[in-house]
There are 2 protein chains.
Amino acid sequence: MFKIRSLVTALALAGSISMASAWETLPTEAPAPADNATTAEKVELGQMLYHDPRLSSTGTVACASCHNTMLGGEDNRPNSMGVHGQTGGRSAPTVWNAAFNKVQFWDGRAASLEDQAAGPVTNPIEMGMKSWDDVVARLKTIEGYQQAFEKAFGKDAISKDSITKAIAAYERTLITPNSPYDKYAGGDKSALTEQQVRGMEKMAELGCTGCHSGPAFNGAGMFQKFPVMANGYFEAQYHFKKDKGLAEVSKNPADENLWKVPTLRNIALTAPYFHNGSVKTLAQAVTLMAKLQLGKDLPKEDVADIAAFLNGLTGEFPKQNMPALPATPGTTTLN
Amino acid sequence: MFKIRSLVTALALAGSISMASAWETLPTEAPAPADNATTAEKVELGQMLYHDPRLSSTGTVACASCHNTMLGGEDNRPNSMGVHGQTGGRSAPTVWNAAFNKVQFWDGRAASLEDQAAGPVTNPIEMGMKSWDDVVARLKTIEGYQQAFEKAFGKDAISKDSITKAIAAYERTLITPNSPYDKYAGGDKSALTEQQVRGMEKMAELGCTGCHSGPAFNGAGMFQKFPVMANGYFEAQYHFKKDKGLAEVSKNPADENLWKVPTLRNIALTAPYFHNGSVKTLAQAVTLMAKLQLGKDLPKEDVADIAAFLNGLTGEFPKQNMPALPATPGTTTLN
């Protein structure tokens with residue numbers, strides 16, 4: 001999955017690349033893998049599981065706690081807070097349009113939404129379940145889940161595999177089309193302001209879209225080094241290099257500070273910014289990206305124009321029903 | 001608000017009282033106080049505030065975290081978990097039908113839903129905000145809230161008063177009518193099983209409904225001592241007396257171990273039980289209530305019948321739309 005890496009680094013630095021991705025609108029449906037076709041039953045079940053805090057050891061942390069679909073698909077915190085108030089070192093990526101990421105997590109270590117969903121539940125500082133056997137055993141005590149899994153997957157189907165498939169099926173519906181940019185790209189030239197159009201053109205000129213390409217502005221699975229340029233002043237403030245990114249997983253020094261290119265869709269809603277959530281505003285994030293990736297000192301006007309355009313990537317959020325989570329009448333599954 | 005206390009104690013022990021409350025169905029609307037008429041705008045705003053974790057210092061705990069309307073209106077934990085993983089000594093009461101409680105909190109220290117809503121937000125182990133000024137200042141930075149408050153309350157209306165009024169207005173809509181009991185009481189004699197009818201009749205015979213009276217089975221604001229009977233064996237297991245109840249607030253020794261009579265509506269969904277959440281099952285809660293309040297050793301069959309009836313108090317939950325929480329584009333309100 002890392003084949004394109006060397007190509008990417010070259011592309012990212014090529015400021016002269018035109019905005020190849022321009023005019024690509026966000027699809028309104030996400031493709032599903034062959035072994036997990038999206039069905040209404042799976043999506044309904046997945047929405048319940050996604051919002052159920054009983055998937056955590058304490059019964060207090062659901063997927064939605066850190067990837068909040070009532071907000072921009074995350075929590076607006078520098079680092080998320082898991083069970084017992086613990087925090088890790090990374091900022092929660094948005095779940096909106098995550099279906100259009102070729103790989104998941106900041107370091108891209110999961111190859112699919114299904115793989116990703118398997119991670120946090122048993123992570124001791126996130127949802128803290130001791131094992132997937134414990135998760136499965138707990139869900140099996142909840143009659144409403146027995147029925148919902150049967151509808152979605154057939155008899156006696158509660159397993160790590162079906163749980164993560166249902167969650168992924170739900171996540172594939174979390175798409176935010178019709179942003180001002182999409183409307184503009186679709187022909188409505190009034191959908192973006194003049195300032196936003198200037199910002200869009202500047203992003204192409206500068207080379208931002210060399211990496212942030214494609215309909216989700218995420219490079220469709222490419223990895224990129226961040227920061228590219230050494231800068232002691234900013235490093236002292238933001239500690240970007242402390243987390244080695246992909247190398248933390250691969251243990252390969254060549255992967256140090258390599259990251260999945262994150263989507264820019266709804267980026268205005270997901271402050272604070274970067275893998276460690278250390279940068280509070282979008283304007284400062286734009287300034288830092290120009291300086292650390294492209295070696296450019298952007299004038300304030302350009303930063304403002306680009307930030308204005310990025311606000312134009314905020315989409316329309318589908319209306320959701322609040323799920324009713326199945327009960328355990330007369331008892332509790334929590335200790 | 002404590003005038004009826006002495007009457008109550010007498011009533012509770014009068015096992016011969018008939019089930020005066022029988023056939024009272026749950027109203028489908030809750031009365032609002034004169035200074036907070038329920039409006040669609042307030043309810044919509046209140047639903048957003050109720051689900052917004054940014055009302056907590058960490059941005060991780062909303063009203064809904066402990067009083068979860070996707071579940072039985074609470075969290076199925078012995079004690080709720082607030083910011084930084086902290087826990088208090090009491091079990092979260094259900095928000096469903098809380099509008100029919102004359103007083104709020106286990107110890108009844110709040111005279112209204114509005115008063116109640118003012119408590120947890122600045123409680124250091126619950127939502128942990130330093131002050132209401134901080135809450136108001138934070139919400140004022142969120143443009144969508146400025147607009148929603150204007151619609152509900154008029155210009156420049158964001159204040160502790162309007163925030164708690166909106167939350168209370170929303171909570172007044174959280175009513176669960178049409179339980180099997182309500183249908184039975186309304187004339188559908190097939191709505192309860194024979195066992196459930198036996199359980200209902202036993203509750204009246206035993207005197208349970210002396211306190212758990214009225215349409216919400218909550219005595220409409222009465223206070224009661226719990227436990228009434230000294231029992232070293234159970235006290236050693238459950239430590240019921242450790243928390244002094246109303247006396248913790250009033251500092252009056254006469255109020256020791258006095259509690260608001262909690263609703264039995266949806267009681268099957270709110271395990272574990274009692275003010276300290278120390279009792280895991282409904283059956284054990286019934287056994288203990290008979291022993292500690294009425295001095296009776298209930299045979300297992302009676303416990304099963306009563307628990308079956310109590311399951312018949314689970315109502316129909318209104319379908320809710322998931323609120324979209326207003327954003328702070330390009331920045332975060334959290335530190």
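Mentor: Let's start with Phe105(B), which counts as partly exposed because it has 18 C-beta neighbours inside 10 Å. On that scale a residue is buried if 20 or more other C-beta atoms lie within 10 Å of its own, exposed if 12 or fewer, and partly exposed in between, with C-beta atoms placed from the backbone. Phe105(B) is not a glycine, yet its phi is positive, about 75 degrees. Its place is the loop between helix 3 (63-66) and helix 4 (113-121) of chain B; helices (H or I, at least four residues) and strands (E, at least two) are DSSP runs, numbered from the N terminus.

Before going on, please keep in mind that this is a predicted model: local features need pLDDT of at least 70, side-chain atom pairs count only at pLDDT 80 or more, and totals for chains, interfaces and linings use all residues. Residues are numbered from 1 along each chain as its sequence is written, while chains are lettered from A and ligands numbered from 1 in the order in which they are written.

Now look at chain A, where Asn97(A) lies in the loop between helix 3 (63-66) and helix 4 (113-121). Asn97(A) also has a positive phi without being a glycine, about 65 degrees. With 24 C-beta neighbours inside 10 Å, Asn97(A) counts as buried. Such angles deserve a look because most residues other than glycine have a negative phi, and most peptide bonds are trans.

One joins Phe226(B) to Pro227(B), with omega about -10 degrees, and Pro227(B) sits in the loop between strand 1 (223-225) and helix 11 (232-238) of chain B. Another links Ala271(A) and Pro272(A), with omega about -5 degrees; Pro272(A) is in the loop between strand 2 (258-260) and helix 13 of chain A.

As for the two chains together, 38 residues of chain A are in contact with 38 residues of chain B, contact meaning that C-beta atoms, placed from the backbone, lie within 7 Å. Helix 13 (282-294) and helix 14 (300-311) of chain A are the elements that give two or more residues to the side touching chain B. The copies meet through the same surface, because 100% of the interface residues of chain A are also interface residues in chain B. For the complex, the predictor gives an ipTM of 0.92 and a pTM of 0.93.
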